[in-house]
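User: I've got a model open and I'd like to learn how to read its packing. Can you walk me through it?

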Amino acid sequence: MSENEQLSALLAACHWIGDKGWCPATGGNMSLRLNHEYCLVTESGKDKGSLRQQDFLPVEIASNHAPDGRTPSAETGLHTLLYRLYPQVSAVLHTHSVNATVLSRVEQGDALRLQGYEMQKSLSGQRSHQDVVSIPIFDNDQDIPRLAAQVAAYAERTPLAYGFLVRGHGLYCWGGKCRKRAAILKGWSFYSSVSCNVVYWRRNDSRDCYRY
């Protein structure tokens with residue numbers, strides 16, 4: 001797939017995300033790897049549901065520098081970190097869906113652990129609902145280099161497989177081919193919606209008969 005085709009596919013995904021309401025106002029940010037030196041990142045302050053090709057700007061993966069002088073997303077450092085860590089990653093999506101944001105606050109631990117969902121098999125490498133999928137949760141931090149350092153330190157101990165949550169903020173996920181990225185995002189939407197409902201039921205049912 002050519003660079004233009006990849007960007008067109010990413011734009012279509014961004015518009016779909018916007019229609020879902022997963023990036024309200026100008027929230028969220030998206031990026032696409034061009035090569036080992038550069039990626040395209042959404043310009044700061046752009047509505048993700050109405051992005052155009054010119055709303056992506058080239059950024060140096062090693063330095064986060066935007067050569068054309070425009071301002072990329074404030075969270076560019078998390079995107080470039082993922083490209084440096086994992087050469088197979090071709091694009092990164094960061095969304096602010098209500099369910100994922102709420103779930104990141106409700107879960108007080110350092111990870112969201114999913115088990116028992118048939119939809120786990122939408123994630124590459126997952127073969128059974130009995131497997132445990134662990135999604136790290138990092139505390140939100142306006143200091144992106146510091147947050148990126150925390151993510152990098154975690155990744156040294158435990159490779160990041162599918163995505164991570166930033167508490168009270170949203171979801172980061174990534175992948176190779178565009179169809180796989182879309183499948184991962186749809187899967188996360190399902191998990192976060194179901195998990196939020198389970199939390200609600202557990203807190204409102206004295207029998208406590210519901211489990212993750």
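Analyst: Buried means under 20% relative accessible area, exposed over 50%, and partly exposed in between (1.4 Å probe, protein chains only). This is a predicted model, where local features need pLDDT of at least 70, side-chain atom pairs count only at pLDDT 80 or more, and totals for chains, interfaces and linings use all residues. Residues are numbered from 1 along each chain as its sequence is written, and side-chain values use heavy atoms, with hydrogens and water left out.

User: Which residues touch the most other members of the largest nonpolar core?

Analyst: Val151, Leu160, Phe164 and Trp174 do, in a core of 26 residues. Its largest share, 7 residues, comes from H4. Helices (H or I, at least four residues) and strands (E, at least two) are DSSP runs, numbered from the N terminus. A second, separate core has 15 residues, including Cys14, Cys23, Leu51 and Cys173.

User: What is Phe164 in contact with, beyond its neighbours within four places in sequence?

Analyst: Contact means heavy atoms within 4.5 Å. Among the partners of Phe164 are Leu82, Ile135, Val151 and Trp174.

User: And how do I read a helix's sides?

Analyst: An α-helix has 3.6 residues a turn, so residues three or four places apart point the same way. In H3 (residues 98-106), Ala100, Thr101, Leu103 and Ser104 are buried. They sit on the same side of H3 because they cover an arc of only 165 degrees around the axis, taken from the directions from the helix axis to the C-beta atoms. Exposed Val98 and Arg105 are on the face turned away from the buried side.

Key: Core = buried A, V, L, I, M, F, W, Y, C linked by side-chain atoms within 4.5 Å.
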